[in-house]
Amino acid sequence: ILYLAGPVHLNVQFRENLAPDQGPIRNDNRIGSVTKFHTLRFTDVPGFARWSQSGSRWQRAFYPGKNVNHSIIEVAELILQSRRGIIVAGNLRLSNNDANEADSLTSIISHFATVAGMPILAGVQSGALRRERPVIPFAEHLLKHPSISKGLRPDFILQLGSPLISTEISKMITNAVMHNVQTSHVLVQRLYPYERADPEFTVTHRVSSNIGDFLKSLTSYIESLGQQATMKCSELTPLLHLGRELQKEMPSIIEETSRAVNSQTVEKTPNDSILTEPEIMSAISDVLSELSSEKLRGGSLFLSNSMPVRDGEFFLYPRQVTENDQTAHMQTSLSGFPLSVNVNRGASGIDGIISTAIGCGDTFTPTTLVCGDVSALHDLNGLYGLTSDLPSLSNAQSKLHSRVPLTTIIVNNGGGAIFSFLPIAKHGQDVGFEEFWGTPTKSISFRKGADAFGLPYRYASSFESFREAYRSSLLSGRPEIIEARVIDRSKNVDIHQRITSTAIQFVTKLVSETSSDECDLSLNTRINLPIKRYTNENISKGSNRSKTLLLIHGWMGDKSEWDLVGAELVKNLPHEWDIISIDLPGHGEAPYILSPIQQMMRTALSLNSFHENADFCSSGKFSIDAMAKAVCNSLQNDYGIKSLDAIAGYSLGGRIALAMNRLCLTNTDMNAPQQDNDNKLITKQTRLILLGANPGKLPFDDHTVKTESDNQRVRKDRLLAQSLLSSLYKTYLIPIGSDLSYLSKFVAKWYGNNLWGDLQERYPHKFKNMINRRIMSLSERRHEIASVLYECSPPLNPIDDWKKVTPAKTLYIAGSLDKKYSFIGRLWEKSGGVNKYVEINDAGHALLVEQPREISSALVGFLKDARIANTLGTSKEISDEDANVVNDVKTDDKEKLDPAPR
């Protein structure tokens with residue numbers, strides 16, 4: 001009975017199209033919807049296919065006091081199983097416009113979105129939620145873009161509160177459930193048994209619960225599952241980038257469009273208005289974003305039906321105030337932005353608007369009502385509620401301050417502007433449009449109406465004058481009326497259409513399918529990789545310097561990793577040596593192979609086919625061979641280097657060096673065909689120096705069958721790569737400080753492994769500097785660094801590159817504290833597979849950081865050794881005894897010995 005209390009409103013709904021249009025019913029694509037009943041008409045609603053094919057219930061329902069707690073686990077499982085989840089916020093229904101409740105619920109929703117890794121589509125009724133970082137600004141305009149509306153394809157939708165105002169969001173939900181029977185649509189709100197909360201029959205799970213309480217429990221449960229659950233992130237989070245870019249551009253789009261439409265007026269008078277309706281919402285956003293929380297604490301906004309609530313949905317977002325970097329922009333939490341937004345949806349649109357707004361704003365904090373001229377006219381006597389005739393709440397208060405501080409903005413467009421957007425408007429006077437729909441109000445004086453009730457009145461007809469009037473009214477702390485005189489209703493339609501068109505054009509540039517700064521190594525595209533020369537003089541392209549030494553860094557590193565070693569080499573090698581280091585693809589200053597924003601945007605819009613059926617960070621562009629070819633091509637074509645006399649590769653760089661050696665010696669097409677050994681970049685005379693590098697499957701390994709440890713290694717590397725990429729998606733949801741904290745923990749954990757020999761304890765200063773460099777690399781290029789890890793896990797790469805080395809020309813170096821690679825070095829030397837093995841005392845795997853002088857000394861000694869100048873040598877078989885030793889090492893805590901792509 002409680003839910004039935006109050007007035008009863010009977011609504012007789014006419015089906016569209018309104019006369020005199022004929023043909024199919026607008027916005028109704030159901031079977032048989034033209035004129036008469038069809039037996040299949042109600043079987044093509046979104047939920048029917050899922051229900052009929054699955055055999056499960058039409059809807060899973062959870063009620064308070066019964067099974068609502070069970071919903072926590074079920075909804076959490078749906079979130080963790082999804083890849084393209086999104087949150088939709090409708091009417092959150094705050095009680096009594098309580099500021100503390102609004103702040104609390106907003107924080108709860110925002111924190112949940114961050115933990116669950118999902119962006120938010122926040123309707124205007126969600127109020128203060130629109131100021132939070134996980135909210136996609138100007139979502140209504142984004143969803144009008146064809147590529148976005150088609151490619152969004154969410155597989156999980158969590159709706160908080162109903163109803164929704166946005167037709168675009170409702171359409172997105174309907175299409176998602178209609179076209180994918182696996183899509184889940186979960187609705188969470190208090191139980192309103194007589195309310196039609198699911199008009200399109202899309203809800204698959206209905207949770208009748210307090211939104212805040214439910215989300216707190218759900219957040220706690222997900223956090224209890226550990227980092228793998230909390231680092232999961234929706235592929236739709238890059239939409240936040242689109243929204244933020246549009247957010248920066250929208251004020252100028254509104255301003256320039258308004259100016260363009262105004263310039264088309266042939267005859268102007270000084271009294272003509274140049275203010276447009278979108279500019280009103282833009283000015284309100286400016287002022288609310290500007291004023292401090294102390295002045296607007298607990299403030300609320302009431303949007304009338306018709307145009308104000310729709311313009312609020314389109315344009316009412318806080319101004320963006322802080323930029324962090326190219327991939328994410330931080331919105332400062334704007335406490336002054338309205339904590340609650342109230343509307344009168346469902347009731348007769350223009351009745352009692354002013355009176356309702358006074359009731360909603362019955363506090364001593366600023367409240368704003370935005371209504372049209374027709375709505376104001378229908379409830380003009382409601383202004384009496386703002387007069388000083390009402391008694392004070394206490395003797396200490398003056399009559400002025402006992403009144404509700406309501407700023408009433410009357411948008412005077414000379415009638416009912418909303419109807420000009422309907423198809424019937426084109427019929428004009430043939431249907432009596434102005435009389436019955438336009439309902440002109442030109443004879444009404446709102447100034448006299450304000451005088452009649454003794455209320456302060458302001459008039460504005462331009463953007464600047466309105467913004468100043470509104471700002472002054474809020475700061476006055478008293479009830480005031482602002483008449484905002486806007487341009488003609490017919491031009492209002494044109495303005496809205498142009499803004500939408502301009503916004504779509506702007507977004508199109510951001511979601512273009514190709515990017516000029518991307519290359520594709522998998523297609524043998526040549527890429528200019530930056531190099532660094534350690535010789536004192538500049539050497540021009542094509543120089544015939546007699547000898548060249550190439551230095552290649554490891555995973556997460558860059559060409560500067562060799563700086564300390566390079567400086568020593570310049571001092572100690574003969575002048576004939578040209579010493580260079582190079583940035584590997586995906587590292588340092590190398591051109592982007594995968595532009596982060598473009599790639600994630602293509603994934604979000606379902607433009608990357610491999611994301612639909614394969615692991616999302618596999619691109620085929622970062623295999624060992626692809627990177628080896630890129631290095632060879634760049635050296636030859638960009639720097640005119642005809643041959644390499646020596647290559648030193650650290651860790652991953654050593655594997656690249658081995659692949660370069662194999663590709664050149666086997667005449668593999670390098671996109672620069674070589675005819676004979678004299679013209680090859682690498683020959684059997686090229687000396688190889690491998691520092692802690694994985695040579696592949698040595699003879700004592702069974703390389704015909706993948707071992708279980710290989711499979712485990714691949715799974716581990718791929719999970720780690722996916723975690724890194726997920727953290728990149730997460731940057732759209734969290735502040736930059738939180739992201740840096742995650743990267744710090746990731747890198748510290750990585751280098752805390754036994755492979756590095758307690759580097760932090762032995763060299764704390766060097767360790768700190770290395771950690772900072774790695775954090776910087778990951779913050780700039782983690783998408784490509786993750787892809788390298790994903791594709792270069794050792795079991796996925798060539799297993800017999802060691803066979804192609806010239807033993808007499810090969811030096812292997814490892815640290816004494818690096819158990820795995822020191823064993824490999826000793827055994828490889830014993831078998832005759834390398835000329836020499838050098839073990840660096842008191843060093844782990846970070847050889848270039850720990851002992852640069854010793855590394856330089858080993859390289860200089862090997863390169864100066866004249867005894868191996870013209871020898872090739874042969875490999876010996878490895879004995880069973882040697883093989884057993886290595887096998888013992890391999891089984892001695894695999895996780896500690898082999899944690900990374902080497």
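How are H9 and H10 oriented to each other, roughly parallel or roughly antiparallel? Hold that question for a moment.

Some ground rules. This is a predicted model, where local features need pLDDT of at least 70, side-chain atom pairs count only at pLDDT 80 or more, and totals for chains, interfaces and linings use all residues. Residues are numbered from 1 along each chain as its sequence is written, and side-chain values use heavy atoms, with hydrogens and water left out. Helices (H or I, at least four residues) and strands (E, at least two) are DSSP runs, numbered from the N terminus.

Now the helices. Two packed helices are described by the angle between their axes and the distance between the axes. Helix H9 covers residues 239–263, and helix H10 covers residues 277–290. Their axes come within 10 Å and cross at roughly 150°. Axes here are lines fitted to C-alpha atoms, for helices over the stretch in contact, and angles run from 0 to 180 degrees between N-to-C directions. Under 35 degrees counts as roughly parallel, over 145 as roughly antiparallel, 65 to 115 as roughly perpendicular, and the rest as oblique. So H9 and H10 are roughly antiparallel.

Who makes the contact (heavy atoms within 4.5 Å)? From H9, Ile 254, Glu 255 and Ser 258; from H10, Pro 278, Glu 279 and Ser 282.

Next, the sheet. Seven strands form an open sheet with mixed pairing, in the order S13-S15-S14-S16-S17-S18-S19. Two strands pair if DSSP finds at least two bridges between them. The edge strands, S13 (531–533) and S19 (836–840), each pair on one side only. From one strand to the next, the twist averages 20°.

Let's zoom in on S16, residues 646–650. On one side, S14 (residues 547–552) pairs with S16 in the parallel sense over four bridges. There, Leu 551 stands opposite Ala 648, and Ile 552 stands opposite Gly 649. S17 (residues 687–691) also pairs with S16 in the parallel sense, over five bridges. In that pairing, Ala 648 stands opposite Ile 689.

Is S16 mostly covered or mostly open? Mostly covered: five of its five residues are buried. Buried means under 20% relative accessible area, exposed over 50%, partly exposed in between, with a 1.4 Å probe and protein chains only.

In a regular strand the side chains alternate between the two faces of the sheet. In S16, Ala 646, Ala 648 and Tyr 650 point one way, and Ile 647 and Gly 649 the other.

Last stop: helix H22 (residues 624–639) lies across S13, S14 and S15, running at about 125° to S15. Helix H23 (residues 652–665) packs on the sheet, touching S14, S16 and S17.

Methods:
Contact = heavy atoms within 4.5 Å.
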